[in-house]
Every structure is written in C-alpha cells, then in structure tokens.
Number of protein chains: 2
Amino acid sequence: MKYSFANRIYSLQSSAVRDILKVVNQEGVISFAGGLPDDQLFPLEGIEEAFAKVFASGKHALQYMETEGYLPLREVILERMSRKGITNYTTKDVMLTTGSQQVIDLFSRVMLNPGDVILTEDPTYLAALQVFKSYEARVIGVASDEDGMIPEDLAHKIKEYKPKCVYVVPTFSNPAGKVWSLERRKQLLQAAHKHNIVVLEDDPYGDLQFNREETYAPLAALDDGTCVLYTSTFSKTAVPALRTGWVAGPFQIVRMMSQAKQANDLHSNSLSQQALYHFCTGFDMDGHINRLIAEYEKRMNVMYRCLKEANLPGLKLTKPKGGMFFWLELDEHVNTTLLLPEAVSRGVAYVPGEPFFATLPKTNALRLNFSHPTIEKIESGITIMTELFKESLQKEVIYS
Amino acid sequence: MKYSFANRIYSLQSSAVRDILKVVNQEGVISFAGGLPDDQLFPLEGIEEAFAKVFASGKHALQYMETEGYLPLREVILERMSRKGITNYTTKDVMLTTGSQQVIDLFSRVMLNPGDVILTEDPTYLAALQVFKSYEARVIGVASDEDGMIPEDLAHKIKEYKPKCVYVVPTFSNPAGKVWSLERRKQLLQAAHKHNIVVLEDDPYGDLQFNREETYAPLAALDDGTCVLYTSTFSKTAVPALRTGWVAGPFQIVRMMSQAKQANDLHSNSLSQQALYHFCTGFDMDGHINRLIAEYEKRMNVMYRCLKEANLPGLKLTKPKGGMFFWLELDEHVNTTLLLPEAVSRGVAYVPGEPFFATLPKTNALRLNFSHPTIEKIESGITIMTELFKESLQKEVIYS
C-alpha cells in the first residue's frame with residue numbers, strides 16, 4: 001500500500017536535531033538538552049498519599065468525567081492564580097488539559113485557519129512553533145530584546161501582517177530565560193486590544209522564581225479578562241507524569257476549546273486531576289516549590305560561573321531570574337547545529353538555537369537546561385562543550 | 001473583543017441533543033444515554049495495588065516519557081492482541097494514547113485533507129463523525145445491514161467518491177450493537193487493498209463478548225499489516241479514568257501519528273500506563289472481564305425482555321452479541337429527537353438516532369445503553385420510555 005498523508009503533517013516531520021537528541025537519553029551523555037525537572041526532587045510521598053485519598057473516596061473516582069476536568073482542582077487553580085493577580089475568571093473559564101502543550105494545540109485548532117498570522121517572540125518555544133505550522137498558520141517573529149517584544153517592530157508587524165493571535169512566554173521564557181518588563185507587557189496588551197488580537201500567554205515556569213521579592217504580573221492579571229488566554233502546568237511544580245495543565249480565559253474561547261477537546265480525547269486523566277487536588281490541598285506545595293527554587297538556583301549559578309570562566313569569545317549571556325534555561329549567543333562563526341554531533345560524541349548535548357526561531361534563525365545560539373543535570377555534571381559538561389566551541393573557532397572553520 | 005474562530009470548529013458546536021443530555025447526569029434521571037461501564041464493577045483494589053507497585057519502583061516513574069508510551073505496556077498489548085490473531089506488529093508499531101478517541105483524532109489529523117472522503121457505516125459512532133467533520137473531511141455513509149457494509153453499496157461509493165479512508169466498528173458496533181460477518185470483513189479488506197484505502201478499525205468493545213465460543217477475527221488479524229489501523233482501549237475492560245487506549249498499525253502511519261501526538265500533548269499520562277502494566281500482569285484481568293461479561297449480559301437480557309414485552313408497533317431490534325448497546329428502530333411516525341425532552345421530563349434518557357448518521361438520518365431510531373443502569377432501573381426506565389413512544393403514536397401526532 002502507498003499512503004497519502006494530509007498536507008498539514010509535513011511540518012511535523014522529524015528533524016535532524018530531534019533525531020540526534022533522541023539518541024542522547026539512551027547513552028549516558030551529559031544532557032543540557034531536555035526541559036526536564038530533576039527526578040530526585042519529585043515529591044513521591046506526597047503524590048502517593050494523594051492517590052491513596054482518591055482511592056479511599058470510592059469507585060466513582062474511576063469513572064468517565066466531564067471534558068473540562070475535575071471541578072475542585074479548577075477551584076484550587078483559581079485560588080493559586082489569584083495570588084498572581086489573575087482574578088477575572090470563574091471555574092467555567094478554566095479547563096484542565098494534558099499538559100500545557102495541549103492548550104497550545106487546542107487554541108490553534110479553534111483559532112487558526114490556514115494562512116492566518118500568529119506573532120511570536122523570536123526565539124520562542126519550538127514545540128509551539130511546530131503546532132502553529134501544523135495548522136498551516138503563518139508564524140511571524142517579532143524582534144525582541146531582554147525586556148520583551150520591541151514595540152516598534154510589534155507595531156510594524158501588526159500593520160503589515162494583520163495577525164489574529166500572539167503567542168508569548170513573558171516570564172522566564174523558553175528558550176531565552178528572560179522576563180518581560182511591566183511596560184512591555186502593558187504595551188502588548190494595548191496593541192492587542194486595539195487590533196482585536198487574542199494573546200496566548202504560556203507560563204509554565206512562573207512559579208520557579210529565584211528572587212521572590214520581585215513581582216512579575218502575568219498578562220492575564222493586567223488584562224480585563226477578554227484578551228488573554230493563560231496557560232500553565234503542574235509538570236514543573238508537582239510532577240510531569242501526571243500530564244496536567246490548564247487554560248484560563250474568556251469563556252467564549254475556553255468553551256470552544258472544550259468542544260475541540262471532546263473531539264480530541266473526551267477528557268484528560270481524571271485520576272491524576274483528583275490526586276492533584278489532594279496534593280495541592282493536603283501537602284505543603286509552596287514549601288516544595290521553595291525547595292525546588294533553592295536547588296535550581298544553585299545549579300543555575302554553577303552553570304553561570306562555568307560559562308563565564310570558559311571565556312568564550314563573543315559570548316552573550318543573561319543570568320536567568322527563574323525557570324530552567326540559559327540562552328547563549330556565541331561568536332557568529334560557531335555553528336551550533338553543525339557542531340551538535342561532535343558534542344554528543346564527546347559526551348554532552350544541548351539544543352541548537354535554530355529551531356526556536358520563527359523567521360530568521362541564528363546559527364550561533366543554543367539553549368542549555370540547568371534543572372536536570374547535577375552540579376558535577378554541569379561542571380564537566382560545560383567544560384567539554386565550551387572547549388569544543390573554542391576549538392571550532394581556533395580551527396577557523398566557518399560553517400554556513 | 002470580538003473573536004474570530006477557525007472555520008473547522010463550526011462542526012464542533014454543541015447540539016441541542018448534547019445540551020439536553022448534559023442536564024441528565026445531574027438530575028437523577030434513569031439514563032440509557034451514556035456509554036459508561038458500571039462504577040460498581042470497577043476493580044478498585046487491583047488498580048490501587050498496581051499504583052502502589054509504580055510508586056515502589058521509584059521517583060523516575062514520575063518523569064516525562066517518550067511520546068509512544070510505556071514500552072512494557074505496549075508489549076502486554078501485543079500479547080493480548082495476538083490472542084485475537086493480530087500478529088503483524090511489533091512494539092514500534094504500537095502507540096499509547098488518551099483513550100481511543102485520541103486515535104480517531106490523530107488518525108484524521110495525519111490522513112485527511114479538507115475535502116478528502118472517508119466512508120463510514122451508517123449509523124456509526126457519533127464522536128468519530130464529529131472528528132472527521134472537524135478536519136473538514138467529507139463523510140459518506142455506506143448502506144449497512146446486520147452483517148456489515150453492503151458490498152454493492154461499498155463498491156458504488158468507492159467508485160463515486162474515491163475515498164482515502166474507511167472507519168468501521170465491526171465487532172459489537174456503536175451504536176448498532178452488531179457483528180460483521182467474516183465474509184463482509186474480507187470483502188472490505190479486498191476492496192481497501194484494491195483501491196489503496198486505509199481502514200481505521202475501532203474495537204473498544206471486542207472483549208465484551210457474551211458468547212465466548214464464537215470467534216470474531218478483527219480486520220487487523222485478516223490483513224497483511226499494511227492496510228488496517230487497529231485501535232482499542234482499557235476504558236471498558238479496566239477503568240475509564242486512566243484514559244489509556246492504543247493504536248497498532250503500519251509503522252509509517254503510526255510514526256506520523258506519534259509526531260502529531262507530540263504536537264498535540266507530548267505524551268499521555270505515563271503513571272497510568274505504568275499502573276496498567278502492573279494491573280495486566282499482576283491481576284486476573286481475564287477473570288475480571290468474565291465477571292463484567294456475565295453482569296452485562298444479564299442486564300442486556302432484562303432490557304431485551306422489557307423491550308419485547310412492551311409490544312412497540314413497528315419495532316426492529318437485534319439482540320446484541322456483546323458490547324454495551326441496543327439499537328432500536330421504531331414506527332416511522334415516532335420522532336425520537338423531538339420526544340427526548342418529554343422523555344427526560346418523565347425521568348428517562350436515551351440518545352436519538354439522528355446524530356449517528358453520516359448521510360441520511362433516521363428520525364425513528366435510538367440507542368440504549370445497558371451496561372450502566374441497574375436491573376431495577378432498566379425495568380422501570382424501559383416502561384416509562386416505551387409508554388411515551390406508544391402514546392405519541394396513539395395521539396397520531398406526526399413530527400417531521
């Protein structure tokens with residue numbers, strides 16, 4: 001048989017980078033590539049107790065559930081969001097999903113016709129780019145600096161492309177690890193309201209904030225409840241295996257997403273949703289998050305020190321204020337995509353910068369994860385990696 | 001703000017029937033509407049023990065996992081499928097999903113361009129119809145009798161519409177409760193091979209077979225491994241809350257579906273997949289399924305007796321050989337869609353036949369579930385419902 005696939009899937013084809021990184025996990029390579037939390041920090045006992053409470057509640061806990069998800073957990077989420085200033089929503093405006101990845105997918109499914117334009121930061125979360133492209137949307141990158149999208153370029157792109165949506169990770173962004181300034185957040189919302197643009201705010205890392213004294217208001221807290229869809233997840237604060245994220249936003253859109261979700265998978269794992277409810281209410285979740293923050297900040301500082309000490313020529317590097325990632329830009333003659341196979345063969349992996357760009361990829365950038373590797377692995381891995389980058393410059397090999 | 005949605009979502013809008021049935025669950029109405037297993041039969045202890053084993057295996061069980069799902073569970077599934085004669089696949093050809101609903105969705109996503117034709121039985125599973133339409137495919141119903149699709153009409157529809165895919169539930173179908181004959185299964189496969197058509201075989205109910213002496217070979221067991229995508233689920237045999245289904249089929253298609261799944265939700269709930277592995281290997285799953293079959297067959301027989309005793313004029317009714325549903329066709333003057341609100345107000349709910357049809361809906365049909373209500377509720381509910389249908393005929397009210 002010869003199979004004829006739908007056109008939309010050609011953007012989903014496996015990339016060379018993904019194929020290399022798939023091998024990494026199996027071979028004892030020091031990996032800075034994934035976006036994984038550290039297994040050793042998982043609150044196994046708290047999760048186990050939460051499940052015991054679900055089972056003790058009786059057999060009905062194992063039945064089918066409504067598409068929107070377990071109501072008491074949606075109430076807990078509302079309370080947790082209100083502490084960040086997000087107060088425009090009620091339970092009917094919140095839907096539980098299989099991670100925040102499913103929110104990006106369902107959002108695209110209900111909003112984007114082929115050819116519709118969505119704006120993103122450049123660089124941005126690469127799996128979001130893949131989703132938008134799989135719906136045959138046109139993804140346009142907006143020039144960004146360390147404070148967020150540059151207003152002049154945003155205005156220019158709105159005028160030129162008439163976008164329907166904007167996708168942003170304004171707090172501890174993936175991959176760039178930066179935080180948008182309050183002013184830039186307000187400017188984006190102003191433009192979005194003026195031009196009838198819906199904003200998808202992706203906030204998986206917001207709780208992993210190293211300096212708890214600062215406040216970074218989510219866009220959803222600055223909005224009037226009509227313009228922003230907010231998504232986050234329990235994957236980074238509790239555990240990934242429960243695959244539980246959520247969306248909160250204007251009911252008209254959330255309702256449409258719930259109808260799309262019904263077609264997609266009826267509902268997400270309801271046992272995990274019930275367990276998360278008990279986990280959030282019967283366990284010191286905030287204390288746990290503080291322990292995560294302390295450990296991740298320590299690892300980030302070690303990685304920062306190692307990167308600084310390596311004296312990489314032309315290095316541009318910002319110290320992250322939270323999240324899980326460093327973003328590095330190197331001398332323009334270092335091609336991180338072409339160097340990846342050699343790095344892996346020397347025992348270290350990273351994600352080259354190219355796939356994070358919507359429009360004009362930089363070949364001299366890369367993303368490093370600091371939450372999963374131990375401090376020892378960070379020290380030896382950064383040494384191997386930076387030596388390779390320096391060698392590639394000394395050899396005056398120019399890849400292009 | 002004014003929201004402008006994607007065109008594809010207009011097929012997903014809530015229907016009047018769905019709105020009525022949503023109310024049913026909240027009001028103590030006797031419901032024959034859902035497709036739910038009975039909570040009271042759930043193997044709670046077995047599931048609880050299985051989770052305990054996962055937690056005992058250590059913290060890594062809570063980490064992210066590969067998109068295709070937990071490998072040891074895929075091995076268990078291969079072994080269980082081989083007992084049905086499905087032997088063409090290896091673990092790489094099997095992917096775990098959030099229920100079999102997600103298989104229908106991912107299959108459509110990778111196969112169907114807008115305007116592509118997919119053939120279905122008429123009537124067929126209504127949530128599958130919604131998915132196909134949400135990808136803007138053209139769904140064409142093939143005339144079916146109690147043995148399956150009628151070969152002449154299948155040949156005619158293939159010639160006229162040049163379909164890319166066929167979707168069928170050949171064993172204890174939803175909604176019609178019937179079983180395809182072996183001959184019809186072979187005829188469908190022959191036609192599919194000849195015309196390069198991919199077949200999606202949906203088999204959620206295959207294990208719920210009342211007469212264990214008969215054998216109903218799945219299409220995937222009759223095929224050479226190139227033409228059929230087979231999907232099933234643990235929702236009816238273990239519990240729904242784990243939301244674990246699977247697809248098995250030609251690697252080229254399964255691989256494409258796994259790339260689509262990566263965009264959709266990265267991976268399904270991996271904790272449940274690990275628990276199901278322990279459940280299938282450490283618990284007498286087959287004994288449990290036999291207990292389900294015995295209880296559901298008893299309920300089916302009670303419903304059959306009640307329906308026969310009611311002497312509904314013009315009733316067409318086949319006794320199901322397995323699964324969860326009766327399909328009724330009544331005197332053509334009984335409009336089951338229009339009568340539903342009155343039925344609900346009298347305390348009983350069913351699903352009218354109309355939404356199950358791809359092409360020409362029958363207004364005098366309905367689907368009844370017998371696995372969820374108790375025997376007492378079946379007896380009183382069928383009495384209320386059949387009296388209403390008889391009344392509507394006596395009044396000579398003709399709805400059209």
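**Figure 1. Chain A and chain B of this predicted model are related by a rotation of 180 degrees.** The rotation has 0.0 Å of shift along its axis and superposes chain A on chain B with an RMSD of 0.0 Å; the copies are fitted by least squares on the C-alpha atoms of residues with pLDDT of at least 70 in both. This is the relation of a two-fold axis. In chain A, the C-alpha nearest the axis belongs to Asn269(A), at 3.3 Å from it. Both copies use the same surface, for 100% of the contact residues of chain A recur in chain B; contact means heavy atoms within 4.5 Å.

This is a predicted model, in which local features need pLDDT of at least 70 and side-chain atom pairs count only at pLDDT 80 or more, while totals for chains, interfaces and linings use all residues. Residues are numbered from 1 along each chain as its sequence is written, chains are lettered from A and ligands numbered from 1 in the order in which they are written, and side-chain values use heavy atoms, with hydrogens and water left out.

**Figure 2. Helices H12 and H13 of chain B pack at an angle of about 130 degrees.** H12 covers residues 336-346 and H13 covers residues 375-394, and their axes lie 10 Å apart. Helices (H or I, at least four residues) and strands (E, at least two) are DSSP runs, numbered from the N terminus. Axes are lines fitted to C-alpha atoms, for helices over the stretch in contact, and angles run from 0 to 180 degrees between N-to-C directions. The angle makes H12(B) oblique to H13(B); angles under 35 degrees count as roughly parallel, over 145 as roughly antiparallel, 65 to 115 as roughly perpendicular and the rest as oblique. On the H12(B) side, the residues that meet H13(B) are Thr336(B), Leu339(B), Glu342(B), Ala343(B) and Arg346(B). Their partners in H13(B) are Ile384(B), Leu388(B), Phe389(B), Glu391(B) and Ser392(B).

**Figure 3. A cis peptide bond joins Asn174(A) and Pro175(A).** Its omega is about 10 degrees. Pro175(A) is found in the loop between strand S7 (165-168) and helix H7 (182-194) of chain A. Most peptide bonds are trans.

**Figure 4. Loops on either side of helix H5 in chain B hold Pro123(B) and Glu136(B).** The peptide bond from Asp122(B) to Pro123(B) is cis, with omega near 10 degrees. Pro123(B) lies between strand S3 (117-121) and helix H5 (126-134). Glu136(B), in the loop between H5 and strand S4 (138-142), has a positive phi of about 60 degrees although it is not a glycine.
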